[in-house]
Amino acid sequence: MIINWHYITINSLSSLFLLPDILLSHCIYTPEREGEEWREREERKREMGTVAPNLMEVSAGRDNENGTARSPPAKVLDAGALFVLKSQGSWLHCGYHLTTSIVAPVILTLPFALALLGWVGGLICLALAALVTFYSYNLLSLVLEHQEKLGHRQLRFRDMARDILGPGWGKYFVGPLQFWICYGAVIACTLLGGQSLKFIYLLSYPDGTMKLHQFIIIFGTVPLVLAQMPSFHSLRHINLVSLILCLAFSTCATAGSIYIGHSDNAPRREYTVKGSAKDRSFGIFNAISIIATTYASGIIPEIQATLAPPVKGKMFKGLYVCYSVIVTTYFSVAISGYWAFGNQAMGTVLSNFMGDGKPLLPTWFLLMTNVFTLLQVSAVTVVYLQPTNEVFEKKFADPKKDQFSVRNVVPRLILRSLSVIVATTFAAMLPFFGDIMALFGAFGCIPLDFILPMIFYNVTFKPSKQSLIFWVNTSIAGVSFLLVGVGAVASVRQIVLDAKTYRLFANM
């Protein structure tokens, strides 16, 4: 029954992905339509003599006496854009990057989110979040394509905010927000990698005495090496392996849940939401924040920047690759985990695989699952290092020198190594960083992925206030803004509840 119901759920959700296409194709403004209307208006004005031809356009549009058309001069790129955000990738590479940036071991928390919402509420939130983020990322892509068509391609989130909303938005809000969210994700992934290593160690040596911070330091050597990959585009093969690992560990988690659910050791299942009315209310907000965070990326413009021009339509194909993996993994893990454990689902479904300290699955299966998780989280860590690498490269590298010259390699090696060492130190020192990251997620992930894309589209294309797309975008942004406040309150409450267990370098 579970497999058939999951099949129906996935096919129902996949049909929902058609809604962004309908909205974007039938509403008033698209980049092509706006450009055509503008040219027609300018042509009519010039014929009537109300607008003089732009002398810069005339001189730029003629290359020689024969009147040969000439393209506008190429924009000089800084070292961050030139070296880290190389525009050489295909739409398939883009799909690999997108999948790694979104699909991570955090999806193993989805059964817990469903336990806080119940079957109906959980599946509705899961489907809505998929639909809204797919739509939102497509809006960002359309805005970026439009800007490229106008002659100034934007390669970073802060560039979009600067050009669309004003310099202050890019410099003081979007830039710092994205930087700290991405660097926080690096710390969180390093912590998760250390926890996975510790779990593997205790499975093999139940009486082992090694501490969590030791495993975090060991794991930190992996991103220390991978951080030296020169550009985002150079991660394409690593991210292909990451995509395969996503499918592998989610398949293991699903199969493990189904196996335990049908075994003699199956836990007693109840699907009612536990707790008092107050706890249930905060639980709903907490679950929504968890689901929103699992769909978050925060680096969509940087990923689109890796595409070789022209970029038109490529991001859309990449998103289809990514969301094919999302639908396959998110719903299978969430439904099977909640079905197997009901309201007893823990923070991560892998914790449910250990019953009273004893594994409910064969040891080799648990080892395999955790190895897949460990390897995939290594790739996620390196992907979220890219905004940090880009900032360092922009400030300290020389774009006039070769990327692999001594002048550029030495500062790159030092600064990237330092950024990983600092992240590893914070992860070892603050093993409760997950609670803090939930607060950052409410303030960062939701604005970057749910609010700003709607604002960027409405400001760029100025759709009529009577159009459907204007009100869809405004409604999504408004509801998401409320979720920022609610999610922040729920996160602060959880920090207060867990504060008594906080200790530096704790062996959690």
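Biologist: How many disulfides does the count come to?

Modeller: This is a predicted model in which local features need pLDDT of at least 70 and side-chain atom pairs count only at pLDDT 80 or more, while totals for chains, interfaces and linings use all residues. Residues are numbered from 1 along each chain as its sequence is written, and side-chain values use heavy atoms, with hydrogens and water left out. A disulfide is a pair of cysteine sulfur atoms within 2.5 Å. By this rule, the count is zero.

Biologist: Which cysteine sulfur is nearest to that of Cys-94?

Modeller: Cys-94 is in no disulfide. Cys-94 counts as buried, at 0% relative accessibility, where buried means under 20% relative accessible area, exposed over 50%, and partly exposed in between (1.4 Å probe, protein chains only). The nearest cysteine sulfur is 8.9 Å away and belongs to Cys-322.

Biologist: Is Lys-462 buried or exposed?

Modeller: Lys-462 lies in the loop between helix 19 (433-461) and helix 20 (468-498); helices (H or I, at least four residues) are DSSP runs, numbered from the N terminus. The phi of Lys-462 is near 50°, a positive value in a residue other than glycine. With a relative accessible area of 58%, Lys-462 is exposed.

Biologist: What is omega for the peptide bond from Pro-309 to Pro-310?

Modeller: Pro-310 is placed in the loop between helix 13 (300-305) and helix 14 (314-341). The peptide bond that joins Pro-309 to Pro-310 is cis, and its omega is near -5°.

Note on methods: Helices (H or I, at least four residues) and strands (E, at least two) are DSSP runs, numbered from the N terminus.
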